[in-house]
Amino acid sequence: MPLLEIRDLHVAFPKGKKTEVEALRGVNLTLEKGERLGVVGESGAGKSMLAFAILNLIADPGRVSQGSITFHGENLLDLSERDIRSIRGNRISMIFQDPMVTLNPVLSIGTQMIETLKAHRRISDKEARKLCIEKLREVAIPSAESRLEAYPHELSGGLRQRVVIAIALLTDPELIIADEPTTALDVTIQAEIMALILKLCREKDVALLLITHDLGVVAEVTQRLMIMYAGLCVETGQTRGIIDAPQHPYTYGLLKALPQKVGRGARLYQIPGSMPPITALPSGCAYHPRCDRATDVCRSQIPPLENGRACFHPLNVPEAT
Amino acid sequence: MTTPIVETKGIEVRFPLPTHFLSRDKPVLHALNTVDIAIQPGETFCVVGESGCGKTTLGRAIIGLQPPTAGEIYFNGQRIDQMDEATRKPIRRDMQMVFQNPYASLNPRRNVFETLAEPIRHLMPETPASEVRETVENVLAVTGCDPSWQRKLPHEFSGGQRQRIAIARALVTNPAFIVADEPISALDVSIQAQILNLMTDLQSKWGLTYLFITHDLSVVEHFGTRVAVMYLGRVMELAKTETLFDAPKHPYTQLLLDAIPKLEGGSFDTPREPGELPDPVNMPPGCPFAPRCAMAEARCRAERPELRPLSNGARVACHFAE
Ligand SMILES: Nc1ncnc2c1ncn2[C@@H]1O[C@H](COP(=O)(O)OP(=O)(O)O)[C@@H](O)[C@H]1O
Ligand SMILES: Nc1ncnc2c1ncn2[C@@H]1O[C@H](COP(=O)(O)OP(=O)(O)O)[C@@H](O)[C@H]1O
Ligand SMILES: [Mg+2]
Ligand SMILES: [Mg+2]
């Protein structure tokens with residue numbers, strides 16, 4: 001049984017009185033124990049909606065309108081708010097782009113860590129304190145002991161994100177969902193934080209759902225990859241395989257548009273246009289207006305996700321044997 | 001060598017910080033410290049470094065939005081940092097800026113035509129209305145903006161479209177020099193490529209000179225002629241782009257390059273210690289990078305290295321680089 005299995009997930013928002021628009025239009029995903037999966041796409045693709053749906057955090061007026069999310073065989077969508085709370089922040093931890101989503105500005109680091117721990121464990125103050133210091137050390141926070149007294153504003157952005165990771169680890173989760181955890185950080189700090197997340201996931205055999213727009217980051221950290229476009233997964237498979245031989249024209253374009261892929265001063269490969277808003281999706285394959293391989297069938301039918309890609313005219317297709 | 005289009009000599013920018021009324025110290029933030037750069041006509045001079053290192057302050061100082069507290073700034077050999085507004089006006093036409101955030105840099109109540117007409121009316125008031133209209137239309141066309149955008153407001157556009165409009169606005173006065181402050185950082189990958197291509201095309205068409213500010217070294221490698229790596233208000237390494245990428249000499253440049261996530265993977269496999277920046281208010285003596293530098297020795301903490309030329313043509317502020 002996979003650790004996490006998502007089937008045909010739809011997330012909808014009301015549009016006017018009677019109609020709805022979908023931010024997710026039928027997403028499937030499986031994650032095995034200890035596996036690291038990258039979710040990549042441009043802004044508005046629905047990546048955060050996917051994370052929020054798993055944690056039952058889709059805010060009104062949005063809702064999961066269809067599908068299932070099973071964690072250890074249990075459908076999270078059927079759980080009461082109380083039951084979901086025993087999973088969220090406990091067996092499934094999250095790291096967001098802005099550490100201040102997790103951290104309370106008026107509480108010391110120690111107080112917040114101990115509170116988190118006590119919400120999910122029967123543990124004495126003394127033991128809790130010890131465990132907190134241990135976790136702060138694990139995330140390589142210098143002078144961990146004295147940092148318990150510190151307030152979030154006294155720490156740099158990089159250290160704050162380390163504290164968030166320490167909090168995420170407190171309850172020994174089986175899955176960490178990280179939504180653009182380093183997007184707001186400088187490159188050197190990003191490298192530190194991603195190296196830390198990678199090390200901890202490996203050591204503790206924690207599964208990771210890493211949301212990012214950066215293909216370099218997923219190449220460094222994840223084993224499998226899912227490319228999202230306009231609320232759908234358009235390509236999925238082994239990270240290495242997709243990066244070396246992308247099959248969906250959108251994935252191909254994203255990789256080819258990277259400046260490191262072309263010589264100095266040459267024109268970059270460019271995908272025309274931009275991702276449509278969910279309120280104005282084109283017919284058929286949502287990518288067709290930007291795609292140089294599109295034909296009539298792409299304009300009229302949504303390509304099913306088969307053999308790891310949702311495309312009628314894929315590239316790099318391995319020859320049939 | 002030709003006269004540089006822009007040259008800074010020892011410029012410094014300091015910001016006095018608010019003081020507590022009982023305290024006697026007057027804290028001062030050193031945003032730029034003795035920066036000397038010379039930008040040649042037609043080149044793309046990149047400035048790279050992490051947030052807070054002074055990139056924006058340098059761009060704003062050059063363009064005249066942030067008077068330097070010391071040093072000199074020249075445009076085509078003419079000193080501009082102490083000019084009064086009236087003398088400076090014709091030079092403002094020649095130097096324009098594109099800002100990082102296309103959501104904040106356009107006035108939300110001004111339609112695209114008004115946005116583009118404003119710099120012409122302000123800096124070239126003698127221009128007849130018909131010519132203003134013609135210029136706006138031409139510039140919209142070369143920047144890939146649809147003529148129908150003229151009557152629309154910023155909120156009707158995507159981030160990439162807004163950045164095109166911001167670039168168009170920078171071009172209406174027919175400048176020779178443009179400071180582009182992280183113009184693609186807020187944009188999605190596929191849109192970044194569109195904007196970079198547009199800037200490349202405009203440069204070859206109009207012979208523009210760019211000061212391109214970014215924190216992304218992979219963009220520099222593709223786009224830059226020369227590059228200055230900054231750290232805490234100082235230039236640490238200045239070199240031709242190829243030279244810098246072939247053989248980065250400053251340990252900070254090496255750290256930056258090493259931190260870039262690679263499609264080949266493997267860079268994040270070893271843990272990295274948290275690196276903290278010194279406080280720009282209480283700067284330690286010696287090399288500003290010393291607290292994070294694996295090579296640092298006692299000398300680095302005592303004596304600040306000056307930029308000095310190396311045999312490969314790069315200039316590097318490190319005691320040990322060779
Ligand atoms: N409250 C809301 N009402 C309507 N649409 C929304 C709302 N929140 C998000 N969306 C839309 O859902 C889509 C997916 O958003 P999101 O998951 O945040 O994208 P990503 O994280 O990939 O950038 C976007 O098109 C966004 O505009
Ligand atoms: N108006 C200001 N007042 C006080 N400090 C400032 C001001 N503008 C910038 N700074 C400080 O100057 C330093 C350099 O800032 P900036 O040039 O914006 O860096 P960058 O663009 O490289 O991120 C930073 O420490 C910043 O906090
Ligand atoms: Mg998001
Ligand atoms: Mg800046």
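Student: Which residues have the most contacts inside the largest nonpolar core?

Tutor: The largest nonpolar core has 176 residues; such a core joins buried Ala, Val, Leu, Ile, Met, Phe, Trp, Tyr and Cys residues through side-chain atoms within 4.5 Å. The model is predicted, so local features need pLDDT of at least 70 and side-chain atom pairs pLDDT 80 or more, while totals for chains, interfaces and linings use all residues, and side-chain values use heavy atoms, without hydrogens and water. Residues are numbered from 1 along each chain as written, with chains lettered from A and ligands numbered from 1 in written order. Those with the most contacts inside this core are Leu50(A) and Leu175(A).

Student: Which helix gives the most to this core?

Tutor: The helix in question contributes eleven residues to the core. Helices (H or I, at least four residues) and strands (E, at least two) are DSSP runs numbered from the N terminus. The helix spans residues 187-204 of chain A, and its name is H8.

Student: Are the residues on both faces of strand S6 of chain A buried or exposed?

Tutor: Side chains in a regular strand alternate between the two faces of the sheet. In S6(A), Ile92(A) and Met94(A) lie on one side, with Ser93(A) and Ile95(A) on the other. Buried is under 20% relative accessible area, exposed over 50%, and partly exposed in between (1.4 Å probe, protein chains only). The four residues named are all buried.

Student: Which residue of S7(A) stands opposite Ile95(A)?

Tutor: S6(A) and S7(A), the latter at residues 175-179, pair in the parallel sense over four bridges; strands pair if DSSP finds at least two bridges between them. Within S7(A), the residue opposite Ile95(A) is Ala178(A).

Student: What is the bridge partner of Ile6(A) in S4(A)?

Tutor: Strand S1 (residues 4-15) of chain A runs antiparallel to strand S4 (residues 63-71) of chain A, and seven bridges join them. In S4(A), the partner of Ile6(A) is Ile69(A).

Student: With which side chain does the side chain of Ser190(B) make a polar contact?

Tutor: Ser190(B) belongs to helix H6 (residues 189-206) of chain B and is buried, at 1% relative accessible area. A polar contact is a pair of N or O atoms within 3.5 Å; within protein, one must be able to donate a hydrogen and the other to accept it, and residues adjacent in sequence count only if both atoms are side-chain atoms. At 2.9 Å, the partner side chain is that of Arg290(A).

Student: What is the polar partner of the side chain of Gln190(A)?

Tutor: Gln190(A) is found in helix H8 of chain A, and its relative accessibility of 8% counts as buried. The side-chain contact is 2.9 Å, and the partner is Thr182(A).

Student: Which residue stands opposite Glu237(B) in S12(B)?

Tutor: Chain B has an open sheet of eight strands with mixed pairing, in the order S6-S7-S8-S3-S9-S10-S12-S11. Within it, S10 (residues 234-240) and S12 (residues 315-316) of chain B pair in the antiparallel sense over two bridges. The residue opposite Glu237(B) is Val316(B).
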